[in-house]
Amino acid sequence: MPLLPTLVLLPFVGAFVALCMPGGSRTRPAAAAAIATLAALLLTIAQFGRIAGGEVLRMRAAWLPEAGLDLVWRMDGLAWLFSVIVLGIGLLVLVYARYYMSRDDPLARFFACMLAFMGSMLGVVLSGNLIQLVVFWELTSFTSFLLIGYWQQRNDARRGARMAFTVTTAGGLCLLAGMLILGHIAGSYELEAVLAAASRIQAHALYPAALVLIALGALTKSAQFPFHFWLPHAMAAPTPVSAYLHSATMVKAGVFLLMRLWPALSGTEAWTWLIGGAGLCTLLLGSFYAIFQHDMKGLLAYSTISHLGLITVLLGIGTPLSVIAAVFHTMNHAIFKASLFMAVGIVDHETGTRDMRILRGLGKAMPYTAALAVVASAAMAGVPLLNGFLSKEMFFAEAALVGGTEDWSLAVAATLMGIFSVAYSLRFIGVFFGPLAQDRLPRPAHTVHEPPRWMRFPVECLVVLCIAVGVLPQRTIGDVLAVAAHAVLGPGMPEYDLAIWHGVNLPLLMSGVALLGGCLFYVFLRRRANLRQRTDVPLLHRLKGAQAYENVMQWLSLGAAWLIRWTATRRLQPQFRILVVVLVAAPLLLARPLPDWPRLQLADFDPRFASLWLIGAACAVAAAWKAKYHRMAALVMVGGTGIATSISFLWLSAPDLALTQLMVETVTTVLILLGLRWLPLRRQPAALAGPAPASTQFRRGRDLLLALAGGLGLAALSHVVLTRPAGRSISDFYVLRALPEGGGANVVNVLLVDFRGFDTMGEITVLGVVALTVYALLRRFRPAPESVAIPLQQASDADPAVGQTPAQQAGSGYLMIAGVYMRALLPVMGLVAAYFFMRGHNLPGGGFVAGLIFATALIVQYMVAGTDWVENRLRLRPHRWIASGLGIACGTGLGAWLVGYPFLTSHTAHLTLPLLGEIHVPSAFLFDLGVFLAVVGATMLILVALAHQSLRSHRLPAGSGRAPAPSALPPTKEIQ
Amino acid sequence: MTPLDHLLLAPVLLPLLCGAVLVPLTEGWHRLKFALGYASVLGMLASALALAALTDGGYWQHGIGVYLAANWAAPFGIALVADRLAALMLLLTALLALAALHFARLRWGRIGVHFHSLFQFLLMGINGAFLTHDLFNLFVFFEVMLAASYGLVLHGYNAERLRASMQYIAINLAASLLFLIGAALIYAAAGTLNMSDLAARMAGLAPGARGLFEIGATVLALAFLIKSAMWPLGFWLPTTYAAASPPVAAMLVLMTKVGAYAILRLWLLLFPQAGFGHDALLWGGMATIVFGAAGMLSSDNAGRLAGYGAVVSSGTLLAVIGYGQATLVAGALYYLAGSTLAIAAFLLLIELIERIRTPHASVLAVTLEAWAVEDKPDEPVGRGVPAAMAFLALSFAACAMVIAGLPPLSGFVAKFSLFHALLNPPQGTIAAAGWTLMALIIGSGLVSVLSMMRFGVRTFWANSGAAPPKLHRSEVLPVLFLLGLSVFMTVEAGSVFAWLDRASEGIHRPQDYIGRVLGQPVVPSPVPQPAAAEAP
Amino acid sequence: MEAVIAIAIGVVFGAGIWLVLRPRSFQVLCGLMLMSYAVNLFIFIVGRLWIDRPPLTPAGSAPDPAALADPLPQALVLTAIVIGFATTALYLVVMIGSRGLTGTDHVDGREPEP
Amino acid sequence: MATLLELAVGYALVCVLAAMLLCTLRLLAGPSAHDRVLALDTLWMCGMLLSLVLGIRYGSQVYFEAAMLIALLGFVSTVALTKFLMRGEIIE
Amino acid sequence: MNWLGMHGLDQAPPWALGVAALLLVIGASIVLIGALGLLRLHTFYQRIHGPAITITLGTGSILLASMVVFTAAQSRPVVHELIIAVFLLMTAPVVSMLLMRAAVYRDLRARRLDAGVTAGGVYPAPPAGE
Amino acid sequence: MMRWLPYPFISLGLLVLWLLLNQTVAPAHLLLGAALGIAAPLLTRRLQPLGYPRLRTLAQFLALVRLLAMASVEVVRSCFSVCRIILFADYAGVNSQFIRVPLTLRDPHGLALLSCLINMTPGTVWVEILPERYELSLHVFDLHDVQWWIATIKNRYEQPLIDIFETEAPPHGDPA
Ligand code: NA
Ligand code: NA
């Protein structure tokens with residue numbers, strides 16, 4: 001098994017195992033998690049020999065070779081160090097969490113998330129490819145989001161999680177962009193290639209962009225100013241999470257990244273100003289803010305921000321020694337801060353609060369824990385003989401060096417930060433001294449005592465490390481530091497000395513000033529500035545990052561809503577308006593050259609044809625005028641346009657179209673009338689009879705303009721098309737081959753059933769689909785309450801036919817005489833349908849027309865005697881017609897397969913029969929039969945489904961009132 | 001013509017025949033209907049896989065399979081063309097259909113009538129649109145697809161669905177008219193409808209005809225852009241997605257991509273160098289990204305959120321196509337597949353998530369009332385276990401990651417590959433539009449994160465009283481399946497991209513299509529044609 | 001003749017657009033019907049205007065493509081007519097369904113705020 | 001005689017179209033719904049005659065089919081419209 | 001333009017052409033008069049009588065003309081125009097009787113008594129206040 | 001015979017229609033037309049509650065021909081008078097009225113034929129049969145004499161129709 005992927009995978013496996021553990025147990029998921037971590041830790045530690053020997057472990061797997069993206073695992077000294085921090089502290093935190101977490105919490109999820117985070121963090125550390133690093137980077141954001149929001153029922157947890165995730169993800173996306181640019185400059189996303197291309201990178205025009213973007217990624221992750229605000233809010237997480245993520249690991253990812261890319265990016269003015277500047281601000285602000293926190297975790301959070309600022313400043317300074325100091329302080333900070341968080345957790349666990357305004361004198365109740373916490377705080381404050389002191393000294397030294405002999409500002413700032421950190425450390429340990437505040441604790445004071453043995457154990461380990469490193473730095477971690485720093489600095493490693501005592505020098509002086517100043521400052525604050533009661537931070541209380549974040553989010557939402565309100569609509573009419581505008585504008589803007597505008601030729605003006613279209617156009621315009629309040633008039637007028645259209649088809653050599661249009665006109669009229677039955681009358685309100693208000697007139701004017709523009713556009717296009725000479729087109733082929741090869745003289749029909757039979761198959765499918773949709777819809781149809789009652793015409797007793805059933809009307813009522821004709825027409829229409837069907841291949845006609853004629857013939861019978869009467873005598877089963885029509889059409893096409901031809905290839909059988917002579921039976925005939933059946937079935941299904949609705953209101957009990965509720969209607973009759 | 005050539009037809013004929021067989025089964029027979037539909041989808045999946053193998057395996061020259069329906073040579077008859085791109089889309093359709101159909105098994109397939117038939121016809125239309133090489137035939141398949149989608153969007157009749165479909169249908173009817181105008185203009189200008197023939201005739205067009213052709217192409221593009229919901233033509237989309245039933249909405253996601261597919265295919269064939277209208281596409285696409293992102297931020301309803309997510313993905317796709325850089329296309333195709341799967345999975349998930357919000361039983365009761373159904377679908381029989389909650393949360397997170405393009409799932413890979421291609425153009429300089437596009441894609445990703453996180457937090461966290469929902473295996477599996485495909489695409493990104501690169505190279509060589517399609521011989525007649533049949 | 005049919009197409013299309021922009025669903029239905037007349041005519045005239053030259057192969061003699069109307073647009077229009085009929089039916093049914101459930105015949109399924 | 005017939009055909013065409021125009025005027029003017037329906041029906045009949053005259057004009061049988069179809073089925077939409085006027089629904 | 005020649009009418013007997021022309025002129029004139037009646041007559045009940053002449057004599061003449069012309073042109077009896085006549089005989093009465101009845105009861109229901117529905121007293125005005 | 005060819009006249013009529021439509025007497029079409037002519041009425045039988053009209057005697061047939069001839073003349077005459085009124089009359093003086101015509105004829109086919117004759121005659125429109133007293137409501141374009149109209153319709157139209165449709169065939173009459 002390849003080592004490095006295994007290392008990353010182990011925590012994920014552990015996460016999965018922990019997730020599968022049954023609820024209610026604390027030990028089992030914790031054990032699963034700890035075992036996985038321990039295994040990974042041991043594996044890592046075992047590699048130290050190879051790493052210390054200068055070896056870089058690598059492992060490569062292909063992922064996206066086209067984009068030069070391989071999965072590269074790479075462990076050098078820096079990665080090793082971070083891996084050990086991640087795994088070591090992780091292990092301790094897991095042990096601690098086993099005791100800290102309550103039995104009622106969903107623990108499987110907790111440990112799974114912790115391990116998933118651990119795996120992601122290891123992924124960041126061990127990535128040898130920039131993009132891969134971003135992948136794991138975002139994963140740490142995501143898993144930390146889950147961990148911060150672990151107590152999801154708490155509002156502050158959700159808020160903190162969202163804030164942290166938003167900031168770090170945004171940073172992550174910037175980082176991705178930066179990495180992409182970096183990869184673009186370096187020509188590879190491989191870390192080693194990028195590091196090797198440092199000079200090229202820094203000379204490139206895109207370097208500043210890449211630097212800013214990467215810095216944004218790092219600074220957001222490491223909670224640097226001005227993105228620091230998320231970290232205090234992330235303290236809503238369970239304390240083990242804070243101990244792990246917000247001290248030791250995740251926030252270190254940012255500084256890790258800066259270290260990782262230090263060779264490639266650092267050394268420029270921009271780097272120093274950007275990184276150093278952000279670090280400096282953070283360092284001062286963080287430490288100052290920390291003093292004024294009341295929540296112990298809040299104090300630690302700001303302290304963390306400040307320490308990360310310190311590391312960032314060191315990296316920004318850019319000298320090799322400062323890098324060493326940065327690495328060293330990273331390590332030290334992880335150790336003491338994790339232990340401090342765990343100590344806070346113990347306090348919280350035992351007392352039920354972390355409020356330093358309440359807590360007092362805990363040293364008596366838990367002396368052992370108090371001692372540990374005091375030592376760790378001392379390390380944080382930089383007290384000699386503890387690890388924090390050493391790295392802080394190195395920082396002071398570098399700070400003092402930066403400005404040379406003129407500029408001491410950085411040294412002053414560093415000292416100031418030292419003062420502040422002493423002050424907040426004092427404030428922190430204040431909870432252990434003094435008398436025990438009995439009454440204000442959430443829990444009875446006598447229950448406050450030392451935590452379980454193993455809960456304290458991780459703290460002990462870390463505090464021991466603090467002391468060990470502080471006392472014997474070279475022995476304990478000298479090698480590790482050297483290896484890690486070497487991984488960053490390479491051959492340019494400077495000489496440095498990890499001794500405790502360097503003699504009396506400037507840094508020591510600064511330390512002394514800081515210690516003393518810190519104590520004095522603390523006393524001053526307590527005495528004069530009402531430290532324990534004040535709720536805001538002096539001087540800087542206006543600087544509220546979280547508030548700014550919330551404002552930005554608010555603006556974003558409002559802005560988005562505003563944008564949507566102004567650039568979108570949910571209404572149909574504006575959408576159509578836009579469509580028309582685009583339809584007119586887009587071709588004018590895009591097409592080049594626009595076709596020449598032909599001269600209007602009046603020579604071929606045919607007044608007869610013109611008068612035909614005078615009719616059509618007048619009807620269309622009148623329909624537009626009438627459609628709102630006079631639906632039937634509009635329908636009749638649209639019919640007028642239909643007549644003009646079909647006669648035009650006839651006149652202009654398209655008899656097939658004329659026939660089809662004629663039939664469609666008829667069926668459409670019937671259809672719309674069937675529908676109008678269910679559309680309650682719309683009467684023109686008397687109020688609207690007068691002149692319309694200005695807004696309405698404006699709307700109408702605008703729509704009229706649009707209609708004119710659209711109409712003009714299509715008219716112009718038509719004219720252009722008509723006046724251009726006809727070019728070479730494929731249609732000559734059809735004319736030439738229709739008869740000899742298609743077997744039919746009617747080229748249009750041969751096109752439909754042979755050349756383009758595939759179209760026709762789709763077309764009958766559309767018809768069938770629509771019929772099914774209509775049928776399905778109407779089965780659920782709830783008519784408007786106003787139209788549920790039988791129509792007004794049938795309610796007025798002016799008409800003697802009012803009380804008659806449809807069968808009575810047709811049998812003896814007013815329809816008797818008309819019915820004689822209409823019934824006699826049925827076989828005639830059938831015959832005519834057969835006629836048009838049979839001749840379609842050679843002359844105008846075909847399956848469509850025939851199908852529509854046949855359907856009309858049946859509908860006429862429905863109109864005569866009503867649905868019930870017809871259906872008692874005729875089971876139509878339109879579904880079967882549709883199915884068999886589609887089946888026959890498709891089957892005919894498939895028949896060609898049997899003889900080795902493509903789908904739909906037509907064959908003509910030439911039969912010679914006695915008496916009848918030779919008969920040609922083209923297979924297209926069978927295809928057309930399918931068309932016929934499908935058309936009949938679909939048309940009947942649509943019309944009959946609509947017609948059946950009337951039955952429902954007629955079946956209502958007689959005395960049920962005039963307008964029963966739609967829901968009281970009987971169900972639709974089944975179509976058979 | 002070999003037996004394998006007939007495979008080109010399978011994705012169209014299988015659903016057609018299956019749909020036709022299902023038509024007479026109006027009520028009841030749920031198991032039979034589901035089994036038939038499922039068998040057909042599995043058949044489609046098999047044929048799509050086979051086509052993918054054939055197009056990529058050197059079986060056909062240039063990886064282009066041509067099927068001359070009715071045995072008429074290419075510009076005259078209707079040719080179906082399968083290449084790697086078509087195979088990809090067919091595969092995507094089949095996979096999505098498998099998930100949607102499976103999801104519909106328990107409930108949606110049983111409500112009302114003809115769900116299964118309409119579903120099959122929808123697949124027929126979509127598949128036909130991917131395969132056909134004829135402009136008007138494309139219209140016909142669009143209509144088949146749309147007609148079925150109208151029925152499916154209305155499936156489960158309630159007021160909201162009716163409102164949404166009124167809009168959806170009206171807009172798409174108008175779009176169909178535009179399609180017809182565009183196709184007619186193109187025929188008027190070039191005298192042919194076969195896409196390869198059009199490509200071959202492009203060079204010889206007179207200036208006047210060229211103008212006419214471009215007007216036609218513009219109008220046609222508007223029809224496609226309405227379907228792919230480009231701003232300001234796509235306002236119907238969020239409303240429709242939010243209203244449609246989950247399995248249908250999942251299929252609608254794919255339909256949004258059909259428009260982009262058609263544009264990609266036609267534009268690469270017809271305007272390989274000139275890049276007609278690319279700027280409009282690019283800026284329109286970018287506007288769509290902004291619009292979709294704003295929509296995601298401002299929507300409080302899961303359906304609309306998903307809808308705007310689809311708008312963003314559509315905008316990204318259109319902008320990338322409009323950018324007109326050949327090396328971007330493979331990434332665009334990967335993005336298309338990934339985002340389609342994720343948004344579809346999200347849409348399926350929404351229904352399950354809704355069950356957390358209110359106790360399940362009342363949801364069922366309320367919706368039953370709203371559907372106005374008389375027949376009661378089977379109660380989902382799954383147990384309410386906490387694992388169900390975990391499943392929902394994790395699946396939601398996975399969907400959100402893919403939609404937002406967060407690592408490590410396919411959404412990230414897609415965006416990375418787009419960025420990589422944008423940053424490393426063959427000609428060396430990165431256009432300003434490229435930077436803008438990159439910024440927009442990143443920004444829209446961030447916005448997606450924010451909106452999805454807000455929705456997730458509200459749903460899964462702020463709603464602590466939620467009882468564990470009852471889920472059924474048939475509802476869980478499709479979601480897992482779709483997410484599994486995302487994972488597969490991520491893990492196997494290398495080989496997927498290799499395939500997509502070949503696909504992209506293929507569609508950038510119009511000459512291959514012209515040669516293959518117009519050169520495809522018809523099956524010769526075994527005997528000389530008998531004397532012409534007598535005309536009256 | 002050309003000018004006449006062009007103007008006719010424009011007028012019918014314009015009337016259709018006007019109706020489609022109206023708020024009532026029946027108006028939109030009529031608009032879509034009118035627009036589809038116009039579009040059908042438009043596809044049809046793409047094959048140019050021919051009088052008394054229906055694309056029927058004459059008996060006994062070889063057909064002359066230059067002397068017959070273009071059959072292809074006619075076949076396309078036929079398909080378009082049928083599909084137009086189907087979609088009209090669908091829109092109609094959705095229209096009455098929406099009127100029933102939403103209580104208004106406004107295209108948006110709700111009356112606009114005054 | 002031939003010229004006479006030609007002239008007669010031209011006259012017939014003009015007359016039928018003029019008749020259609022008059023029908024359209026009635027269709028637009030109404031005033032009642034049944035007036036419009038009557039006008040539409042007459043328009044159909046004139047359309048039928050127009051196609052017959054065109055058939056004579058161009059000496060082609062093709063036009064006959066359309067005329068026949070109108071004669072046989074043109075009444076269906078009129079009957080539907082009248083039934084709607086009379087009963088409020090066309091299929092009970 | 002010799003369109004007669006194109007359709008083989010140049011061989012036809014001149015008297016046939018003359019008869020056809022006469023029939024056409026009569027038929028077309030009647031059609032126009034019928035439409036004029038439709039437009040100009042005062043009430044619906046009068047107007048419906050206008051198109052009646054269109055359908056009967058107008059159509060009959062034109063159908064006869066068509067028969068004569070095609071018989072002359074093709075030198076064989078062409079009588080299929082009779083089909084149209086038969087169809088009209090079967091459909092036209094239905095249209096006029098239903099339309100008339102619809103008008104009567106619509107007018108009665110709406111109490112539009114000035115429209116002529118009460119002329120002759122067959123249909124008395126319905127009691128007011130319905 | 002009656003079983004397979006129950007409606008010989010209708011079938012014959014449909015065959016003639018078929019042949020006229022196809023303008024041919026080719027054997028194939030004869031066969032097809034006959035098949036359709038026989039099948040169509042059979043298939044639609046259930047939708048024909050009144051069956052098809054039958055003529056039983058030659059006399060009836062001749063009476064029908066006479067009636068039709070007489071009606072045709074009347075049609076032409078009325079047509080010209082309507083034309084005259086439309087073109088030249090003062091519309092205010094046109095006396096358009098509804099009249100009642102009491103009917104004796106009960107056979108629906110006979111009534112249908114009567115309505116056809118009346119409606120095809122310009123100037124008269126059949127409105128309906130008023131149910132209460134079985135009177136025909138008739139609209140006359142230009143009414144001069146109510147009694148003349150009633151007498152004309154009853155004598156010239158209704159009586160022949162009664163003879164044709166409501167007279168049982170004599171037991172040994174020659175079948176037509
Ligand atoms: Na063939
Ligand atoms: Na009459």
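Predicted model: local features only at pLDDT ≥ 70, side-chain atom pairs only at ≥ 80, totals over all residues.

Q: What coordinates the sodium ion that is ligand 2?
A: N119(F), T121(F) and T124(F), each through O, at 2.3 to 2.4 Å. Donors here are N, O and S atoms within 2.8 Å of the metal, or 3.2 Å for Na, K and Ca, and water is not among the atoms, so sites may look incomplete. Residues are numbered from 1 along each chain as its sequence is written, chains are lettered from A and ligands numbered from 1 in the order in which they are written, and side-chain values use heavy atoms, with hydrogens and water left out.

Q: What spacing do those donors follow along the chain?
A: N-x1-T-x2-T for ligand 2.

Q: T121(F) and T124(F), buried or exposed?
A: Both T121(F) and T124(F) are buried; that means under 20% relative accessible area, with exposed over 50% and partly exposed in between (1.4 Å probe, protein chains only).

Q: And which residues hold ligand 1?
A: That sodium ion has D754(A) (OD) and S906(A) (OG), at 2.4 to 2.5 Å. The pair links distant parts of chain A, 152 residues apart: D754(A) is in helix α32 (residues 747-755), and S906(A) is in the loop between α39 (878-898) and β3 (908-913). Helices (H or I, at least four residues) and strands (E, at least two) are DSSP runs, numbered from the N terminus.

Q: How accessible is D754(A)?
A: D754(A) is buried, at a relative accessible area of 1%; S906(A) is buried too, at 17%.

Q: Switching topic: at what angle do α5(A) and α6(A) cross?
A: Roughly 160°, with the axes of α5 (residues 107-126) and α6 (residues 130-148) coming within 8 Å. Axes are lines fitted to C-alpha atoms, for helices over the stretch in contact, and angles run from 0 to 180 degrees between N-to-C directions. So α5(A) is roughly antiparallel to α6(A), the word for angles over 145 degrees.

Q: Which residues make that contact?
A: Among them are F110(A) and F117(A) of α5(A), and F136(A) and W137(A) of α6(A). Contact means heavy atoms within 4.5 Å.

Q: Last one: which strand does β1(B) join?
A: β2 (residues 79-82) of chain B, running antiparallel, through 4 bridges; strands pair if DSSP finds at least two bridges between them. V66(B) stands opposite V81(B) there.

Terms used. Parallel < 35°, antiparallel > 145°, perpendicular 65-115°, else oblique.
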